[in-house]
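Colleague: I'm new to this one. Could you walk me through how to read it?

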Amino acid sequence: MTAVSPQVNVRTLQQKKKNAEKISMLTAYDFSMARLLDDSGVDCLLVGDSLGMVVQGHQTTIPVTLAQMIYHGEMVARAAKHAMVIVDLPFPVGQRGVSHTLKAASKIMKKTLCHAVKMEGGHEQSESIAALVDAGIPTIAHIGLRPQSVHALGGYRVQRDASRLMQDAKSAQQAGAFMVLMECVPRSLAKEVTEALEIPTIGIGAGPDCDGQVLVINDLLGLTEKLSPKFVRKYANVSDIARTAVAKFQSDLQLGNFPAAAESFE
Ligand code: KIV
């Protein structure tokens with residue numbers, strides 16, 4: 001009998017930090033991509049509210065609704081046999097107080113059957129993080145650049161406030177978060193935070209010393225048309241492959257090469 005690799009959970013991730021094994025996380029927004037990433041052995045699938053930008057075509061993540069997060073979360077969770085599935089709390093859930101946050105996170109867990117949630121904020125969200133954890137909802141705190149606060153932060157910029165970053169990280173850990181995600185912070189700060197915390201850190205634009213890395217799948221595959229930030233590595237150019245395939249379909253159609261006899265019913 002083939003051994004089925006067990007589903008990643010909070011203990012697996014903690015163990016990875018102890019063993020200095022890097023944690024992989026990629027975003028996923030639908031069943032077919034989630035299945036592919038899950039088959040590839042990715043540790044965590046993040047149903048990020050970045051779907052507002054890469055799936056819906058908005059300029060920010062702010063328009064994404066709770067119902068949309070649940071819709072995409074359900075599809076991803078249905079595909080995951082190995083990966084831990086994490087769903088983002090969309091704007092303005094975390095900004096509306098502890099009981100609203102708990103209600104929204106519980107709805108996400110119940111409807112999507114995901115394994116954890118992620119919320120933006122650290123120190124100022126510690127009460128909400130503690131309430132979620134008390135309710136049995138594993139929670140990730142997203143600190144550094146918080147895209148839902150892009151207007152308050154004056155744009156998507158590197159966050160250099162070292163004492164704030166450390167305070168956010170430590171408060172999140174103390175409140176019971178099982179992981180901290182740091183976005184767009186200098187690598188030296190991310191390293192200090194990673195060394196100071198017992199829980200794992202995941203970085204995006206935070207240098208190589210975090211306990212793991214996360215990327216938006218559309219960026220990694222080269223499906224994003226816009227200019228990517230410097231921390232994105234494009235591992236493929238799937239846009240070009242797709243364009244070539246579609247052009248071939250169009251020309252086959254015009255030349256009478258598609259469908260062929262073998263592709264037709266007698
Ligand atoms: O929404 C998202 O996809 C994220 C990642 C960029 C970390 O939060």
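This is a predicted model: local features need pLDDT of at least 70, side-chain atom pairs count only at pLDDT 80 or more; totals for chains, interfaces and linings use all residues.

Colleague: Which strands does β8 pair with, and how do they run?

Modeller: Two strands pair if DSSP finds at least two bridges between them. Strands (E, at least two residues) and helices (H or I, at least four) are DSSP runs, numbered from the N terminus. Here β1 (residues 23-27) runs parallel to β8 (residues 212-215), with 4 bridges joining them. Strand β7 (residues 201-204) is also parallel to β8, through 2 bridges, and G203 stands opposite Q213 there.

Colleague: How many salt bridges are there?

Modeller: A salt bridge puts a side-chain nitrogen of Lys or Arg within 4 Å of a carboxyl oxygen of Asp or Glu. The whole structure has 9. One of them joins K118 and D88 at 2.7 Å, N to O. K118 sits in β4 (residues 116-120) and D88 in β3 (residues 84-88), so the pair ties together parts 30 residues apart in sequence.

Colleague: Are K118 and D88 buried or exposed?

Modeller: Buried means under 20% relative accessible area, exposed over 50%, partly exposed in between (1.4 Å probe, protein chains only). Both K118 and D88 are buried.

Colleague: What about D209?

Modeller: D209 is partly exposed, at 26% relative accessibility. Its side chain meets that of R187 in a salt bridge of 3.8 Å, N to O.

Definitions and conventions:
Residues are numbered from 1 along each chain as its sequence is written. Side-chain values use heavy atoms; hydrogens and water are left out.
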